[in-house]
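Q: Hi! Could you walk me through this protein?
A: Happy to, let's have a look together.

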Amino acid sequence: MFKSHPRGLSTLFFIEMWERFSFYGMRGLLLLFMVASAEQGGFGMSTEDSAAIYGLYTALVYLLALPGGWIADRLIGQQKAVFYGGVFIALGHFSMAIAGKIGFFTGLGLIIIGTGLLKPNVSAIVGQLYHNDTSKREAGFSIFYMGINLGAFLGPLVCGMLGENIDWHLGFGAAGIGMVCGLIQYRLKMTELGEAGTFQLINQQQLDKDRSLFVKISVTIISLIVGVTVAASTGVINLSLSAVASVTGVIIVTLAICFFVYALVFGKLTTAQKKNIGLIFLLFIGYAIFNSGFEQAGSSMNLFAKQYTDLSILSWQMPASWLQSVNALFIIIMAPIMGGLWLWLGHRNPSVLVKFSLGLLLLGSGFFVLAWGASFSDASSTGVSPMWLVVTYYLHTIGELCLSPIGLSAVSQLSPKHLVSQMMGIWFMGASLGNLIAGLAAGQIGTLPMQELFTIVASVSVITGVIYLLISPLERYVKVKVKAKELVG
């Protein structure tokens, strides 16, 4: 699998595999743990509040990818950012293994910081292992994506079994052990990465300024968080979790737009680079919309599995979180096929925007299937067949393979070299926004029938997919215009 690719790809494959093992293993338990009663070992929180916390957590995990990319670019380099991020993640999971809300929320905070450091930078290093071979880079990202989903497949199986059937905190601890395994492997094989992802000091004076800026911003943010928390807990201000989540969504959109404007106006970019930034902006929007549906796997679809699905196998009850592994299993099977398809097509390869359109259309098709299944849930006292979810996950899988690894590859290729990690951070801000919306949508389950919720998501996805198909010729036009201008120049 790695034979025709740079040696460092296997190093990144396994660190990402174990990080995703820990992330998805814990994620499969997160919402179920919060809504579980105290007698069941959970917090006994309402669905609305639990979903808001879930949405905020998953949103912040990806939102911090932007400062994580900046830290790597300006202060320590991608290789060190990946390692330090893994350390924070492991500590976070072990903190959640301690009973009580203090350990739980401290752990979530540590995982958010760690993932923000690790996630954008490990992807950026993958892109740096290749040069200008687009097809091979896309194939490399597809292999890398298999590592992501191998961890995503194993995590819910291990952590879900331990968490749901024995003790929730044991499941959280298992996620931390997985991250430690990834850190050991990464540290032993870092030399295989070569110069990819190393920090290049250009100006010591600028480095000192960046360090000072980092400290000031960090102190300001920490002080703000502490102040708001104290004010909310003492009743000085009244903030609902759903309101905080909604405001966070507005902040994410504002930050993304401001960054794109900043890059275009003050980034000292050539005309060709500005065209590329414009295309990345379109990809960002599509990725955010895709994730607002796709990431409901851990929220509304997870609750559907727990509350409305027949999970009995003979006399044994399957953990609901196990269904979180279905998507990853399909990706492991289909990723080599899709990667081979893109290589085989060669110059006949569909454009990036066409692939995004296919991904969104398949996402919508999956939710239409699930809406159909949800229509039977009220009439069945034992729950509907899990095959409704399996078919939905299959359609979502093909859609994801048309969109996510292709988007990663495109962003790494289109980004100006000095902005590559920050652009990867922006890419994951799209996931942040989508995760937040997915969490807020799950919070509506108490008032909105699941069939109606899934139908709305399906309709939005299909309409967006059609729009991307209609504007796909714009990608070719931009590339031709840029190439012509370069030839004239």
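Q: What share of the contacts with a separation of 6 or more comes from residues 24 or more positions apart?
A: That share is 83% in this protein, with a contact meaning heavy atoms within 4.5 Å. Keep in mind that this is a predicted model, where local features need pLDDT of at least 70, side-chain atom pairs count only at pLDDT 80 or more, and totals for chains, interfaces and linings use all residues. Residues are numbered from 1 along each chain as its sequence is written, and side-chain values use heavy atoms, leaving out hydrogens and water.

Q: Thanks! How many helices and strands are there?
A: The protein has 17 helices and 2 strands, counted as DSSP runs (H or I, at least four residues, for helices; E, at least two, for strands) and numbered from the N terminus.

Q: What part of the protein is buried?
A: Buried residues are 54% of the 489, where buried means under 20% relative accessible area with a 1.4 Å probe, protein chains only.

Q: New topic: where is Ser472?
A: Ser472 sits in the loop between helix 16 (450-471) and helix 17 (473-488).

Q: Is Ser472 buried or exposed?
A: Ser472 counts as buried because its relative accessibility is 11%.

Q: And which residues does Ser472 touch?
A: Leaving aside residues up to four places away in sequence, Ser472 touches Ser351, Leu353 and Val354. Also, a polar atom of the Ser472 side chain lies 2.7 Å from the backbone oxygen of Leu469.

Notes: Buried < 20%, exposed > 50% of the residue type's maximum accessible area, 1.4 Å probe, protein only. Polar contact = N/O pair within 3.5 Å; in protein donor to acceptor, adjacent residues only side chain to side chain.
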